[in-house]
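Thanks for coming. Please have the picture open while I talk.

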Amino acid sequence: SVFFKLGMMYQKSLPGGNDSIASWGVKGFSISTMENILSNDLTILTNSCVSMPLLKFEEEIADKFYAKYNLKRKEYFCFRDRDNSYMLKKYDQSHELKKRNRSFVIREYNENKGNNILDRARNTSLNVFYKGSDMLAKRGVKSVRVGASSSLKCSSDVILDYSFSIRDNDIIDILLVANSKFLVAPPTGDGNLGMAFNVPLFIINVFPWPYINIPFMEHSMYIPKKIWLKKEKRFMKISEMALLEKKHKRNEFSKENIFQDLGIEPIENTEDEIAYGISEMNDRLDGIWNIDR
């Protein structure tokens, strides 16, 4: 409740100040430490380094996990694929409880499939991470798949598939991201977790773009999905994509008709685009990135 209060108090002064009430709490959490959360000084609050210091017993849990799977802090990156499994599970739960979650009403979920066009447009396939994971494995940087409700098992030997089968302890979900070198994910709530710990983000398959994805975090990269114009048989220019935000609210993209009206089709980032983005992200953080490479 303190985080939500903070967010509402300063929401006009924070980045994205006109977002929904839920995001105010997230932004308040992402910029505040437990030591200064009660401060009324906006300068102090916005200059915080991390919002949630880990307790000693949590660090001990992390140490045991890292030893078991041969991981070292800041020597691995986390990534998150995205499919409909989680939302479908939540949809089923809402029916079991005989009530509809507000997000499912807004997103117009199909009664039979639990599907929604905006979620499909933001999905990211698991197999697009294999090449990037291989490239970094050769440089001694391991990769860990995080997240919940995954429907597919990872088939790569160089990836620690925590998401699908390990899940030793709930705190590990947080610790893996908090101690990672960087996080790669489509636009999901995982990015907020990375923000909370000042973990550099490589956000892929952003749709719609730019909307809530600007301003960018320091040392982070964002790449949008390309948008194919069906009638003109060409991709939208970046400037045209940016103008969508001026003409259409983000919630409009949760409805099937806007894709038909605009004649657009979001195109997922390719395996090569993501792989070379992961490589660039790693090299930038190591201070060795060269634009000519």
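Start with helix 8: the cover over its buried residues includes strand 1 (76-79), strand 2 (142-145), strand 3 (159-161) and helix 14 (271-286). The buried residues themselves are Y130, G132, S133, M135 and L136. Buried here means under 20% relative accessible area, exposed means over 50%, and partly exposed is in between, with a 1.4 Å probe and protein chains only. Helices (H or I, at least four residues) and strands (E, at least two) are DSSP runs, numbered from the N terminus.

Some housekeeping. This is a predicted model, in which local features need pLDDT of at least 70 and side-chain atom pairs count only at pLDDT 80 or more, while totals for chains, interfaces and linings use all residues. Residues are numbered from 1 along each chain as its sequence is written, and side-chain values use heavy atoms, with hydrogens and water left out.

Now the whole protein. There are 14 helices and 9 strands. Of the 293 residues, 46% are buried. Take the contacts (heavy atoms within 4.5 Å) between residues at least 6 apart in sequence: 59% of them join residues at least 24 apart. The accessible surface is about 16,100 Å², and carbon and sulfur atoms account for 53% of that; the areas come from the Shrake-Rupley method with a 1.4 Å probe, and for residues only the protein chains shown count as cover.

Next, helix 4, residues 56-68. Its 13 residues should span 18 Å at 1.5 Å a residue, and the end C-alpha atoms are 19 Å apart, which agrees. The expected span is 1.5 Å times one less than the number of residues. Which residues of helix 4 are buried? They are E58, A62, F65 and Y66. Looking down the axis of helix 4, those buried residues fall within an arc of 100 degrees, so they line one face of the helix. That arc is taken from the directions from the helix axis to the C-beta atoms. On the other side, K56, K64, A67 and K68 are exposed. Just after helix 4, N70 takes a positive phi of about 55 degrees.

Three strands form an open, antiparallel sheet in the order 8-7-9. Strands 8 and 9 stand at the edges with a single partner strand each, so one side of each has no neighbour in the sheet. Two strands pair if DSSP finds at least two bridges between them. Strand 7 (residues 226-229) is joined to strand 9 (residues 264-267) by 4 bridges, and I227 stands opposite P266. Between strand 7 and strand 8 (residues 234-235) there are 2 bridges; L229 stands opposite R234, and W228 has F235 as its bridge partner. The hairpin of strands 7 and 8 has 4 residues between the strands, and K233 there takes a positive phi near 55 degrees.

In a regular strand the side chains alternate between the two faces of the sheet. In strand 7, I227 and L229 are on the covered face, and K226 and W228 on the uncovered one.

Last, T124, in the loop between helix 7 (117-122) and helix 8 (130-137). Is T124 buried or exposed? T124 is buried, at a relative accessible area of 3%. Beyond its neighbours within four places in sequence, T124 touches residues including D81, F129, P186 and E268. The T124 side chain also makes a polar contact with the side chain of N205, at 2.8 Å. A polar contact is a pair of N or O atoms within 3.5 Å; within protein, one must be able to donate a hydrogen and the other to accept it, and residues adjacent in sequence count only if both atoms are side-chain atoms.
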